[in-house]
Amino acid sequence: MSKSREAFQIITQLVLGAISVLIAQYILPGVDVTDFFTALVVAALLTLLNLTIKPILIFLTIPITILTLGLFLLAVNAILILLAAEIIPGFSVDGFWWALLFSLILSLINSLLGVNLGRSR
């Protein structure tokens, strides 16, 4: 595949991710995104966090993940969303449970739109 095609696919995935973030924040009253650019930054940062920090967190929490039969991975996703909310001005989440719901709804919307942010092919 050519470099320009790969770049176009990455940009397309990020724009679809931003649209997913906006849809999810529209559904949830505990999540606030100020504008489309902020949603684009949220999608990019979540991609970066999923590629870098998430594997480390998963490795460090293997015992509790096994003990909870994998449900603790939902908490890892919520923690990453709360981290993104702390880093990005204009993106706020009212608490852990809103971050967990945001994570679930964002995953559902991304799967419906065919977005694969932060996942290997």
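Is Asn-77 buried or exposed? Asn-77 is buried, at a relative accessible area of 16%, where buried means under 20% relative accessible area, exposed over 50% and partly exposed in between (1.4 Å probe, protein chains only). The model is predicted: local features need pLDDT of at least 70 and side-chain atom pairs count only at pLDDT 80 or more, while totals for chains, interfaces and linings use all residues. Residues are numbered from 1 along each chain as its sequence is written, and side-chain values use heavy atoms, with hydrogens and water left out.

**Asn-77 and helix H4**
- Asn-77 sits in helix H4, residues 72-87; helices (H or I, at least four residues) and strands (E, at least two) are DSSP runs, numbered from the N terminus.
- Apart from neighbours within four places in sequence, Asn-77 contacts Lys-54 and Ser-103, contact being heavy atoms within 4.5 Å.

**Helix H1**
- Helix H1 covers residues 3-27, and its 25 residues should span 36 Å at 1.5 Å a residue; the expected span is 1.5 Å times one less than the number of residues.
- The end C-alpha atoms of H1 are 36 Å apart, which agrees with that expectation.
- Buried residues of H1 are Gln-13, Gly-17, Ala-18, Ser-20, Val-21, Ala-24 and Gln-25.
- These buried residues pack against strand E1 (31-33), helix H2 (36-60) and helix H5 (96-113).

**Nonpolar core**
- The largest nonpolar core holds 25 residues; such a core is a set of buried Ala, Val, Leu, Ile, Met, Phe, Trp, Tyr and Cys residues joined through side-chain atoms within 4.5 Å.
- Val-21, Ile-81, Phe-91, Val-93 and Phe-102 have the most contacts inside this core.
- H1, E1, H2, H4, E2 and H5 each give two or more residues to the core, and H5 supplies the largest share, six residues.
- Leaving aside neighbours within four places in sequence, Ile-81 touches Leu-46, Phe-91, Val-93, Ala-99, Phe-102 and Ser-103 by the contact criterion.

**Aromatic pairs**
- There are two aromatic pairs in the structure; rings of Phe, Tyr and Trp (its six-membered ring) pair if their centres lie within 6.5 Å, with planes under 30 degrees apart counted as stacked, over 60 as edge-to-face and the rest as tilted.
- The ring centres of Phe-91 and Phe-102 are 5.8 Å apart and the planes lie at 50°, so this pair is tilted.
- This pair links distant parts of the chain, with Phe-91 in strand E2 (residues 91-93) and Phe-102 in helix H5, 11 residues apart.
- Phe-91 is buried at 3% relative accessibility, and Phe-102 is buried at 0%.
- Phe-96 and Trp-97 form an edge-to-face pair, 5.2 Å centre to centre with 80° between the planes.
- Phe-96 is partly exposed at 30% relative accessibility, whereas Trp-97 is exposed at 62%.
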